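Subject: Structure handover and notes

Dear colleague,

Here is the structure I said I would pass on.

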Amino acid sequence: MATPIIPILYGSRSVPINAGAPPAEGERSTSENTHKWKVYILCPCEKDMTKVIRKVVFKLHESFDTPSRTCAAPPYEVDELGWGEFEVNIKVYFVDQKEKPVSFYHLLKLYPVEGQLGAGATTEKDGALYSEFYNEIVFQNESAMMNSALHEFAATGSDELVNGVCDYAAIEQEQLASIDEAEKRLGQMISEFKDKQKSLMAIVKKRKAEDEA
């Protein structure tokens with residue numbers, strides 16, 4: 001039987017604010033704001049996350065008037081204005097309240113870093129900067145209630161990765177290729193070590209024989 005999992009994407013999207021553009025209704029108005037941003041968590045397969053998730057709590061920087069934001073239904077996201085980068089705690093609570101919540105920590109990215117764009121999970125698209133990561137919530141020894149919810153969740157949507165701005169299939173292949181290359185290098189190092197060990201043993205054996213002669 002397959003291990004029950006919830007595939008997720010979490011990350012942020014930021015766009016520079018146009019000079020002189022007024023903030024939308026309900027947004028903080030201050031001349032210090034340089035970006036409009038969003039932090040989020042979603043299912044990459046378009047499955048119904050309400051089957052397994054009760055709520056998601058986003059903990060923002062303490063400088064915000066309401067740093068703790070709760071989303072009790074999709075979309076699980078927070079939109080804001082700001083000027084600085086900071087770490088966001090994204091805590092996922094499950095439909096079975098006996099299950100321990102799971103936290104993800106995401107660094108809100110507002111400014112592109114040279115050499116990082118297109119590498120892994122940071123990319124620019126349509127004038128926005130995305131920083132996005134794929135992960136899986138894995139369950140072991142879950143309750144009967146949670147197991148039932150996971151099966152209901154798995155039956156919704158499809159297993160194809162349709163959401164996300166990054167090519168996660170390509171990233172996975174790159175990671176697998178990197179692991180394969182590392183295994184080959186390790187095997188070569190072990191082989192070279194064994195050859196050196198044999199040479200040293202031969203030298204020791206020869207010198208021992210000479211000393212006994």
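The notes below cover the sheet, the core, one histidine and the salt bridges.

This is a predicted model, in which local features need pLDDT of at least 70 and side-chain atom pairs count only at pLDDT 80 or more, while totals for chains, interfaces and linings use all residues. Residues are numbered from 1 along each chain as its sequence is written, and side-chain values use heavy atoms, with hydrogens and water left out.

Sheet

Helices (H or I, at least four residues) and strands (E, at least two) are DSSP runs, numbered from the N terminus. Two strands pair if DSSP finds at least two bridges between them. An open sheet of 4 strands runs in the order E4-E3-E6-E7, and its pairing is antiparallel. Strand E4 (68–71) and E7 are at the edges with a single partner strand each, so one side of each has no neighbour in the sheet. On average, neighbouring strands of this sheet are turned by 20 degrees against each other, direction ignored; axes are lines fitted to C-alpha atoms, for helices over the stretch in contact, and angles run from 0 to 180 degrees between N-to-C directions. E3 and E4 form an antiparallel pair over 4 bridges. Val57 stands opposite Thr70 in E4.

Core

A nonpolar core here is a set of buried Ala, Val, Leu, Ile, Met, Phe, Trp, Tyr and Cys residues joined through side-chain atoms within 4.5 Å. Buried means under 20% relative accessible area, exposed over 50%, and partly exposed in between (1.4 Å probe, protein chains only). The largest nonpolar core has 32 residues, and Ile6, Ile41, Phe58 and Ile90 have the most contacts inside it. At least two residues of this core come from each of strands E1 (5–16), E2 (35–42), E3 (53–59), E5 (76–82) and E6 (87–94) and from helix H1 (144–154). In soluble globular proteins, nonpolar side chains tend to be buried together. Contact means heavy atoms within 4.5 Å. Leaving out residues up to four places away in sequence, Ile90 touches residues including Tyr10, Val39, Ile41, Phe58, Phe104 and His106.

His106

His106 is in strand E7 (residues 102–107). It is buried, with a relative accessible area of 1%. Its side chain reaches the backbone oxygen of Ser131 at 3.4 Å. Beyond four places in sequence, the residues that His106 touches include Tyr10, Phe86, Ile90, Ser131 and Phe133.

Salt bridges

A salt bridge is a side-chain nitrogen of Lys or Arg within 4 Å of a carboxyl oxygen of Asp or Glu. The whole structure has 5 salt bridges, among them the following.

- Lys38 and Glu77 meet through their side chains at 3.5 Å, N to O. Lys38 lies in strand E2 and Glu77 in strand E5, so the pair ties together parts that are 39 residues apart in sequence. Lys38 is partly exposed at 24% relative accessible area, and Glu77 is partly exposed at 25%.
- Lys59 pairs with Glu62, with the closest N and O atoms 3.3 Å apart. Lys59 is partly exposed at 33%, whereas Glu62 is exposed at 54%.
- Asp180 and Lys184 meet at 3.5 Å, N to O. Both lie in helix H2 (residues 168–212), 4 residues apart, about one turn of the helix. Asp180 is partly exposed at 36%, and Lys184 is exposed at 53%.

Regards

How values were computed:
A polar contact is a pair of N or O atoms within 3.5 Å; within protein, one must be able to donate a hydrogen and the other to accept it, and residues adjacent in sequence count only if both atoms are side-chain atoms.
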